[in-house]
Amino acid sequence: MARPKLTPLSGYREYPPDEMRRRAGRFLDEMLRRRSVREFSDRAVPEEVLRDCLEAAASAPSGANRQPWHFVVVRDPEVKRRIREAAEREERDFYHGRAPNDWLEALEPLGTDEHKPFLETAPFLIAVFAQVYGFDGDGEKIKHYYVNESVGIAVGFLLAALQEAGLATLTHTPAPMRFLSELLGRPRNERPFLLIPVGYPAADARVPEIDKKSLAEVTTFV
Ligand code: IYR
């Protein structure tokens, strides 16, 4: 085995405990303010903000550092329109046939239905693709590891970065999502993972009254 090249850990910063508490608390406040938004304004969003957030997402750790993701940023109104049309077609089937009753009941508190106007209203749609396998510099197929975990972590970074920047997001999963591969011309090694509308919330945006489990419910300290 070749020895890996190691370099000093130069980016790490330690904070005094008070400063750590302040920072963790601030991040918590910010994340607690995040809501999935389904009513967007069509106001333009500075594209460089989106680029920084995508770069933050792409810095995520991944299995064997294979970075098995690709992000397509859709700005073109015509492409957004086609995505909305295809998504609404699938969702109509879902809400009026394909979805089992328990699933529809589980979705009731969210008030979702087959209408997805936000796919046209939001200034940006980020289509996230997971690369099931990749290609090395010579174009040879290479394996990717922990693909779902890796892309999930990258999406977590992306949602947190966009929230920190003051932008609203939705994690949208029209099912099935294969139409995205065709509409966006993605290669065979990529599978659609998630569609994320990004923008400002509509001035009168409303969200469902739902709550999160308490820390006690979701953690165990041993
Ligand atoms: N894809 C559908 C249904 C849906 C499914 C889940 I799980 C949600 O948390 C929300 C919606 C839709 O987007 O409406």
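Predicted model: local features only at pLDDT ≥ 70, side-chain atom pairs only at ≥ 80, totals over all residues.
Local features need pLDDT of at least 70 and side-chain atom pairs count only at pLDDT 80 or more, while totals for chains, interfaces and linings use all residues. Residues are numbered from 1 along each chain as its sequence is written, and side-chain values use heavy atoms, with hydrogens and water left out.

The largest pocket holds about 620 Å³ of space. A pocket here is an open set of points on a 1 Å grid over the protein atoms alone, where a 1.4 Å probe fits, with protein on both sides within 12 Å along at least five of seven lines; lining residues have an atom within 4 Å of a point. Its lining has 25 residues, and Ser-36, Arg-38, Leu-110, Leu-170 and Thr-171 are the closest to the centre. By class, the lining has 13 nonpolar, 5 polar and 7 charged residues.

The second largest pocket has about 350 Å³ of space. Among its 16 lining residues, those closest to the centre are Arg-38, Glu-39, Leu-110, Gly-111 and Arg-206.

Polar contacts, pairs of N or O atoms within 3.5 Å, are listed below.

| Residue and part | Ligand atom | Distance |
|---|---|---|
| Glu-91, side chain | oxygen | 2.8 Å |
| Tyr-95, side chain | oxygen | 2.4 Å |
| Thr-173, backbone | nitrogen | 3.0 Å |

The protein covers 73% of the 370 Å² of accessible area that the ligand has on its own, by the Shrake-Rupley method with a 1.4 Å probe.

Terms used:
Points joined across faces, edges and corners; volume = space filled by probe spheres on them. Nonpolar A, V, L, I, M, F, W, Y, C, P; charged D, E, K, R; others polar. Polar contact = N/O pair within 3.5 Å; in protein donor to acceptor, adjacent residues only side chain to side chain.
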